Amino acid sequence: MKNSSKIWAVSLLLCLVLPNINLAQTCSCAGAPLISSQSISTASKGNLFVGLTYEFKEIDNLYTGSQQLENNTVERNTQSSLLEINYGITNRLTISGTLTYVQKQRLSIANNEELITRGIGDGVILLKYVLHQNTMNEQYQLAIGGGAKTPLGKTSLKEDNIALNLDMQPGTGAWDGIAWSYFSKTFAPASTINFFIYNTFRLTGSAERFDQNDKYKFGNEWVVNTGITDKLFSDLSYVAMLSYRSTSSDQRNGNPLPNTGGKWISLEPALQYQFTKGLSAKISGKIPVYQYLNGLQPTTSYTTSISIFYNFGEKVIF
Amino acid sequence: MKKSNALLLSSLFLLFTACSGVTSNSGNDDSSNNSNWLIPNEQVINGGVPKDGIPSIDDPKFKPTHEIEYVNNERLITGVRHGDIIKGYPHQVMDHHEITNDQFGNLPVCFTYCPLTGTGIAFERLIDGEPVEFGVSGLLFRNNLIPYDRKTGTNYSQMQMRGVNGPRKGEQLKTLQVFQTKWSTWKQLFPDAQVLTTETGYNRDYSIFLYGENYLEEDTPPLFPLTVDDKIVQTYKKREYIVIEKDIDIDLASTIIYTLQDFDSGISLKRGEIGDTEYIVAGSSDLDFVIGFEKQLPDGTTLNFEPVQNSLPVILKDQEGNRWNAMGRAVEGPRQGEQLTPTRSYYGYEFAFGEFFVWN
């Protein structure tokens, strides 16, 4: 089977499976993982690099501050698929776009009532610029980027003709600004280890909900990821990453909302396999290590994801 | 880019978007039109949790006031009276549960508390003579709790005290007398009353302010927008007490609203008339309570009340020499043991009474 046919087959499989899987989001942790799941790829001139990711997020922990409580009322999960496309405009400038499809499931344990919402989620468009290329003499790479989260997702889903809360909608309804930066360091020829750190800041905008009197703003979000990657065998690599995420409280009409916002630290191991020169796949997980949540909130107990990447050109810078 | 690659990319995009769609699946989807509400259904919103996502307390445990240690002196408690039985429900527990399905002797009672509107109201929980449990529907009407009953599925407006959607739409709930104050005053008024404990069956931190301490401040707006332009609102959270005309449909009933701060620091009285009923309202801004009673007793006698200072649990005396406690029970005098008739009343935030009884 040709590589392009393989991608087709896997994509088709994902799309067929998705509608039948229970998909969802919570107060501060439930959207499509637009920020935390951004691939770190930057393409060289004329190169096209495509990634397709499926992520499952189980949201059944309950926290107040850093104290975990027994959760016997509501369970939720969010399933997202993300199509990410990176194109190298020049050797230093890359344009990156992400589209999402989101499904959210909410189960009331007491009466076994289940609500599932699904739809196209918000998208992201980013421009990434390489400030410093990795060379043998100066073995580090530095890039910055900026862009916007675009409100492609629907925010008006209803149940029994009553509008659902924003955290059960596929989209947020707001334009957000995004700033991104990336640094990596290699140690050749002594080692094949690659150290990296990248961070993303999302300055959120407001969305009108029910009328002009209701302007809802999700909290600003800051995500820092740092870790190492290295080869285990010839085509198999590992990634060991630590992630810090912080969100401020959501606001309605400028007033901070209780039980939103917090801080999370999680461990994210991943394995990546290079099938061919252009085709690779990655499987990863996310395990919470510490969280401090404002008020009382449900939060993620674990996340798993699987990605396939295809590089249509010769080279990916990083 | 090669032609085949461009074709592949286009196909990927089409495939991705073709998989997209919008459906809702929780018994009903967004094409259903369950708009058969007694209240403006466009003002009914989903509060963010599913039905029973806020768990009611269905097996409440109580201890006498003097054995309760978890309540802070300045935090509020609502008491409910039926006959001689008085029970207290601290708001710091009710913030997490909103409904307690309880029993007052042989009478099944449901105490409901909406943290957003600050309204605590107790209902008899009987349908066709049978006990029924109430739960939190997850819906709100003008920021106010919509309880539902687990037998018929009827949704009720807490502040309107009636069914508003479902089989029992339009049916009025029978209420019990409520009394709200701060814990330090409660301890002086009802040292032996039964108070809800934190043994609720749920693992929660009952010491926190679930909606943030600043939610209780007067100038903090409610969680969800008002139905009127909030430029007309100076303050939102002044605590108030409403007297509602009895035996009249809530849409037609006259109402008179009292603000806690309008009372002296000591106990003072206000006299009023609603419909054909004369009543008095006793209150103290320092002790943090307001309570209303009809002036006329069931035997036809009309009493003239005076406030009593520094003698808790007694707050009133009359021309016959009776002394009355805060629930309207004669504790001394010729009528000792008799009960005053309470007004049809409950407590709430200023904006909530505005939304339900003044602005709309």
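Which residue in β8(B) is the bridge partner of Phe111(B)? Keep that one in mind for a moment. First, a caution: this is a predicted model. Now the answer. Phe111(B) has Ala122(B) as its bridge partner in β8(B).

Let's stay with those strands. β7 of chain B covers residues 107-114. β7(B) and β8(B) pair in the antiparallel sense, over six bridges. Both belong to an open sheet of three strands in chain B. The order is β6-β7-β8, and the pairing is antiparallel. Which strands stand at the edges? β6, residues 99-104, and β8, residues 119-124, both of chain B. Each has a single partner strand, so one side of each is left without a neighbour in the sheet.

Next, another sheet in chain B. This one is open too, and five strands form it. Read the order as β3-β16-β5-β4-β15. Here the pairing is mixed. The edge strands are β3, residues 62-64, and β15, residues 177-182, of chain B. Each of these pairs on one side only. From one strand to the next, the twist averages 30°.

Where does a parallel pair occur? Take β5(B), residues 85-90, and β16(B), residues 194-196. They run parallel, and two bridges join them. Within this part of chain B, Lys87(B) stands opposite Gln194(B) in β16(B).

On to the core. In soluble globular proteins, nonpolar side chains tend to be buried together. Here, the largest nonpolar core has 108 residues. Which of them touch the most other members? The list is Phe179(B), Phe190(B), Ile291(B), Ile315(B), Leu316(B), Tyr346(B) and Phe357(B). And our opening strand comes back: β7(B) gives the most to this core, with six residues. Two domains of chain B are involved. Domain 1 (2-211) and domain 2 (239-346) both give residues, so the core lies between them.

Pick one of those residues, Phe190(B). What is it in contact with, leaving aside neighbours within four places in sequence? Phe190(B) contacts Thr65(B), Ile86(B), Phe179(B), Ala326(B) and Met327(B). Phe179(B) is itself on the list of core residues that touch the most other members.

Now over to chain A. Chain A has one helix and 21 strands. Of its 318 residues, 55% count as buried. Its accessible surface comes to about 13100 Å², and 59% of that belongs to carbon and sulfur atoms. Contacts next. Take those in chain A with a separation of 6 or more: residues 24 or more positions apart account for 66% of them.

One strand to look at here is β2(A), residues 61-65. Is β2(A) enclosed or open? Five of its five residues are buried, so β2(A) is largely enclosed by the rest of the structure.

Who are its partners? One is β20(A), residues 279-299. β2(A) and β20(A) pair in the antiparallel sense over five bridges. Leu62(A) stands opposite Pro298(A) in β20(A). Another partner is β3(A), residues 67-69. That pair runs antiparallel too, joined by three bridges. Tyr63(A) has Gln68(A) as its bridge partner in β3(A).

Notes: Residues numbered from 1 in each chain as written. Chains lettered and ligands numbered in written order. Predicted model: local features only at pLDDT ≥ 70, side-chain atom pairs only at ≥ 80, totals over all residues. Heavy atoms only, no water. Pairing = 2+ DSSP bridges. Helix = DSSP H or I, 4+ residues; strand = E, 2+ residues; numbered from the N terminus. Buried < 20%, exposed > 50% of the residue type's maximum accessible area, 1.4 Å probe, protein only. Contact = heavy atoms within 4.5 Å. Areas by Shrake-Rupley, 256 points an atom, 1.4 Å probe, with all protein chains shown as cover. Core = buried A, V, L, I, M, F, W, Y, C linked by side-chain atoms within 4.5 Å. Domains from an automatic or database assignment. Axes fitted to C-alpha atoms, helices over the stretch in contact; angles between N-to-C directions.
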